[in-house]
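This briefing is meant for someone meeting the structure for the first time. Please look over the sequence and the model below before reading on.

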Amino acid sequence: MWSVLSFELSYRFRRPATYIYLAILFLISFLFTATDAISISGAVGNIHKNSPYTIYQVMLILTLLGTMIISAVMGVPVYRDYEHRFHEIMFTLPVTKAQYLGGRFLGSYFTALFIFLGIPLGILTGLLMPWIDKEVIGPFMLNAYVLPFLYIIIPNVFILGVMFFATGSLFRNQLAIYLQGMVFFLLHLVLTTTTGDVENNPKFALLDVFGIAPSFYITRYWTPFEKNLQTIPLESYLLWNRLLWVGIALIGAFVTYRLFQFSKSSPFVLRSRKNQEKISVENLSHINLPETSKDYSFSTKLRQWLQMVRFDFFGTIRSVPFIAIWICGVILILGQMPQIGKMFGTTIYPVTYAIIDDLTGNFTLFTLIIITFYSVELVWKERERGIHLITDSLPVSRYAMITAKFFAMCLIVAMLQLTVMFMGIFIQTLKGFYRYDIDVYLKTLFVSQYPSLILLVLLAFFIHSMVNNKFIGHTLMIAYFVGRMSAAAMGITHKMIWYGNIPSAPYSDMNGYGHFLYPKYMFLIYWGSLGLVLFIIGVMMNRHGSETGIKARWQIFKQQWKFSRGKKIVWSLLFVFIVSGCFVFYNTNILHKFKSDKTVRHEQAEYEKRFRKYLDFNQPRITAVNVNIDLVPEKRYAAIKGYYIIQNKSALPIDTFLITWAHENIKINRFGFDILADEVENYQKQFVVYKLAHALKPGDSTKVYFDIEYINKGFANSEEELGLVNNGTFINNNYLPAFGYSESFELTDNSDRKKEDLPRKNHTMRLLSDSASRNNTYLANDADWIRYESIISTSPDQIAVSPGYLQKEWTQNGRRYFHYKMDAPMVNFYSFLSARYEVFRDSFQGINIEIFYHKTHSWNIEKMNKAIKKTLAYCQKTFSPYQFRQVRILEFPRYETFAQSFPNTIPFSEAIGFIYDVSEDTDIDNAFYVTSHEVAHQWWGHQVCGANSQGSTLMVESMAQYTALMVMEKEFGKDAMEKFLKYELDGYLSGRSSERINEQPIARNDGQGYIHYQKVVW
């Protein structure tokens, strides 16, 4: 065994691949520690980058991502002998099966462990870099590196290594080795989905071969303090998980030993027992060959091409490995079914867009793996089977052969997309939901998603046509995906920089695809033209015949470039690439001002440095708002005219006005005061300082006039304007000017603050001891109570709504007008909505109830109506009378997933209460819960509101949560509430585990949601 082991080790450590794999893991670990280029779950907020928890997480994740490395090292020792036909010599040597298999396995295993040493070495090296922020580094703990290596890397490499080694030794098929790794990855995804719900039995975590699920279960509630100082114990489900899978691996090793044979063929290859007819040499002379004629017409070439497409497509999808992959994908989809759209254990109605979102979430990753593996199989197929010299000599152009393979791969991807569609329909049918929306399936899967996948197919074909080694090709593809994630982590977010970076196009039942497909296809033209250029160059540079060296291929490429028609196509595509790139750049950088993450961070820091001196600067208060707003939904346009009445409520005169504009995409036609004023400073057109000709005296009032437009031209790099849409516009008073310095614009992440030389923030809200914070409420810094009136015009087929009561409705010049006025003072917090609504109307004790909803979302209207009535009854009896004569709920598109309470008006996302399926007695009625919580805000926030300081969310969010819980308990009983509280407890404990500053007591809450929503209920 020692001879075989020493040979294997000598071979491995002479191979560049060993050190390349080591360098990859070292570099990822180093970049994670020393830079922001790589982000791995663990080191967030107060958790140190070298904490035991973080190091453990890094080793877990990189073991998962390193599955391909393990397969490349552990799966090929025996297969390599067969690939190079060395087995015919090896099996004649006086070596036993135990010596041969043991030496090969141990040599590869020790090599793999050496490669994975790159992880701790990368972390330690990164910590030594002089630019590292010492605040994110904790004390050195040797156990933090040793124990994860013992718990995770050593057993995982052994477990996976045995499985890969067994597959390579018994099946002797390289593709089977790759696919086995994907099966393990798939199993992890299914278990992650299954164990993600707090109600599920954590014993499922035992089935995770990587040990990630049990590790998460043990540490999911650890505080940052525990994560920084405490090593993960080898106990409970983690211990049993390790023992289980090591035991399975030992059984696998024994089975491999028993089944392995010193034979030419695999024990799992079926051989026909039928006697084949023997053909003698003498009989060959009597064979009459058919007469043939040469035909080089276009129709013949087309038939050849179609036959090659058919051969490659059906040859792939009929293969046992592909069928196994496809079945695994179907199992993954079915495994997701119980968890689709769950919130507090309650599922949603399986509307088509939600089904697509959930199924493609993991299945897209699955599709990417298929593209990565099978593109290389198609490119390398003839060469690996040793028939490339024959196929390369056939009278078929290389363009026809490669394009046929490419088109076959496109058909395979289309088949995977159809799998999602049919499985989605199947799941909808099982759930008794028969509104299939086939057009949404086809548009989302094939119009929106499919072209982006084809861009990756083009890249895969280019890479594998250029390189002479499959593993290098795989590594380059993985480097592409890792590089894309790293670029985003480093703030390189412009979609024109990284190949294939395409904006998404979310679908909404209310708004369809809205304005999202146009920019998507502009980017597709941009990247698609480049992808085709790469593909054609790859065809020209592809290996042909026995000449595979880069120099010989370069000479062939130059000849083809000189005489081939491909040159004209490449130049044409480059022209399209440049022109489309200019068009995209014009839209994203000129019509819309693109800002990198670093630029945004710097501007926020500059804003604080220059203007924080104006914090608590004496400013007038808005006492009345009168707005005329013209909405043109089809153009995503809004024109807003109106005025404020402002009053100096302080005891001192005011000679300076500070105006904040929250949105950049604004055109200011007019802005001014009844008092003469000069603009003395203007920062980024978002913060403007005006000096008054004469001061506004205490108690005096004046008017502020504004005439502004929001014009959406072209498209931006990333869609940030989600309020103005074709159907379902929802904007609020942030679109109007405000007074004073805004702390919400300041940087909150202390790491970012240090980069910009700003002092550390120990709190995100003003301290209770800060008396100046009591001058403002939690909801508004420039007003107390206001009088409110608005007139909204919109498209003739839409209804527009704003707080207040409808005074008048009319149609004029093809526009529909709505006049709203509030007859009582209200907080300075209002909104404007417009959509094609159906309206449900009811009343309760003289209070009018209206629910505006999309016509296909009527499932929970009665539940919402009931929740409104129950909450009104409880709050009026327990607290005080309802201050309005009406309460409305209005649906808006699912681009945001929240509900928000304005005076007598509650916008409510399409993605939550409207589509919940509360069909079982044990389900928590989320439609009822969210409605009750938001109606309760009409008291907590709109009648009682704390100062703009710590603890104010106790009076707003916590009391609304308490109210909703009391109403729900009366309606559903204590058993349902115990289930709800279990989820709330999980939310609190999980939330505090990733706290970025400090967990505060409830009364001094810093606006942390896990405290004012979840902790308070306990």
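Helix H27 (residues 861–878) lies across E16, E17, strand E18 (886–892) and E19, and runs at about 150° to E17. Contact here means heavy atoms within 4.5 Å, while axes are lines fitted to C-alpha atoms, for helices over the stretch in contact, with angles from 0 to 180 degrees between N-to-C directions. Helices (H or I, at least four residues) and strands (E, at least two) are DSSP runs, numbered from the N terminus.

This is a predicted model, in which local features need pLDDT of at least 70 and side-chain atom pairs count only at pLDDT 80 or more, whereas totals for chains, interfaces and linings use all residues. Residues are numbered from 1 along each chain as its sequence is written, and side-chain values use heavy atoms, with hydrogens and water left out.

- The four strands form an open sheet in the order E16-E17-E18-E19, with mixed pairing, where two strands pair if DSSP finds at least two bridges between them.
- Strand E16 (838–844) and strand E19 (905–909) stand at the edges with a single partner strand each, so one side of each has no neighbour in the sheet.
- From one strand to the next, the twist averages 15°.
- E16 pairs with strand E17 (residues 847–853) in the antiparallel sense over seven bridges, and the bridge partner of phenylalanine 844 is isoleucine 847 in E17.

**A second sheet**

- Another open sheet has four strands in the order E5-E6-E3-E9, and its pairing is antiparallel.
- Its edges are strand E5 (677–683) and strand E9 (738–739), each of which has a single partner strand, so one side of each is left without a neighbour in the sheet.
- Strand E3 (residues 654–660) and strand E6 (residues 687–696) run antiparallel and are joined by six bridges; isoleucine 659 stands opposite valine 688 in E6.
- Helix H25 (residues 597–611) lies across E5 and E6, running at about 135° to E5.

**Confidence**

- The protein averages a pLDDT of 86, and 89% of the residues score at least 70, pLDDT being the predictor's confidence in each residue, from 0 to 100.
- Over residues 270–277 the pLDDT is below 50, and this stretch has two contacts in the model beyond near neighbours in sequence.
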